[in-house]
Structures are given as structure tokens and as C-alpha cells.
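Please look over the model below with me. My notes follow as numbered points.

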Amino acid sequence: VRIRVCPTALEPQEVEVESSEGGRTYTVTTPTMLGNDAVCDEECKGYMFRGKCRHIQEAIDRAVCFWGGSEGETNCPSCGREAVEIIVPD
Ligand SMILES: [Zn+2]
Ligand SMILES: [Zn+2]
């Protein structure tokens, strides 16, 4: 099955997320459908100790669309980027 997806689901995005206390930002790399893991900033203690943190969730909410459309749809309706066609095994 061919589907069209937003490129943000396929390419890791670097997103700056502010810390809850303010004053600094963490750089988060978003995960992808292709198996890239989410990575938070090396300065983030939550990520270092637990392997997860709220920055990652916030970055995903902000930067990844999780949109999938059918053939003929050329752009992601959420962010307007050109859709990428992928083939999903049945
Ligand atoms: Zn973090
Ligand atoms: Zn999009």
C-alpha cells in the first residue's frame, strides 16, 4: 500500500524546547517512523537518568505531524510541507 506522509514523520527534526524553569533551552531530536529514537539534550538530567523527559513529548507535539494521506494529496495539511510517498507492506 502506498501512502503519503508528512516528511516530519520520516526525518528527525531538531526542536528547541524551553526548560520549565525558563532561562535555557534543550535541543530535542524527534523520533521517526523509520526507527530513529527521540534524543534530548545532553544537558537534560531527566533524559540522562530516565531516558525520557517532557521536552521530547513537547517537541513531538510541536514538530511532528503524524499525518498520512492517500495518493493525490501533495502537501501535509498541518504544516504544508510536501508529502513523501512511502510503501507500507501489507
Ligand atoms: Zn529533556
Ligand atoms: Zn506536516
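1. I3 stands opposite I86 in β5. β1 and β5 pair in the antiparallel sense, over four bridges. Pairing here requires at least two DSSP bridges between two strands. Strands are DSSP runs of E with at least two residues, helices runs of H or I with at least four, both numbered from the N terminus.

2. The sheet is open and has three strands, ordered β4-β1-β5, with antiparallel pairing. β4 and β5 are its edge strands, each pairing on one side only. Strands of a sheet pair through backbone hydrogen bonds, either parallel or antiparallel.

3. A note on conventions. This is a predicted model, with local features needing pLDDT of at least 70 and side-chain atom pairs pLDDT 80 or more, while totals for chains, interfaces and linings use all residues. Residues are numbered from 1 along each chain as its sequence is written, chains are lettered from A and ligands numbered from 1 in the order written, and side-chain values use heavy atoms, without hydrogens and water.

4. The zinc ion (ligand 2) is held by four SG donors: C6, C65, C76 and C79, at 2.2 to 2.3 Å. Donors are N, O and S atoms within 2.8 Å of the metal (3.2 Å for Na, K and Ca); water is not among the atoms, so sites may look incomplete. The donor angles at the zinc ion (ligand 2) run from 103 to 113°, which makes the site tetrahedral. For four donors, that label requires all angles between 85 and 135 degrees.

5. Donor spacing for the zinc ion (ligand 2) is C-x58-C-x10-C-x2-C. C6 sits in the loop between β1 (2–5) and β2 (14–18), and C79 in the loop between β4 (68–69) and β5 (84–87), so the pair ties together parts 73 residues apart in sequence. C6 is buried, at 0% relative accessible area. C79 is partly exposed, at 34%. Buried means under 20%, exposed over 50% and partly exposed in between (1.4 Å probe, protein chains only).

6. The zinc ion (ligand 1) has C40 (SG), C44 (SG), C53 (SG) and H55 (ND1) as protein donors, 2.0 to 2.3 Å away. Its donor angles of 104 to 115° make the arrangement tetrahedral. The spacing is C-x3-C-x8-C-x1-H. C40, in the loop between β3 (25–29) and α1, and H55, in helix α2 (residues 54–63), are 15 residues apart. C40 is buried at 4% relative accessibility. H55 is buried at 7%.

7. G46 lies in helix α1 (residues 45–50). G46 is buried, at 14% relative accessible area. Leaving aside neighbours within four places in sequence, G46 is in contact (heavy atoms within 4.5 Å) with G51, K52 and C53.

How values were computed:
Four donors count as tetrahedral if all angles lie between 85 and 135 degrees; four count as square planar and six as octahedral if opposite donors are over 155 degrees apart and all others between 65 and 115; anything else is irregular.
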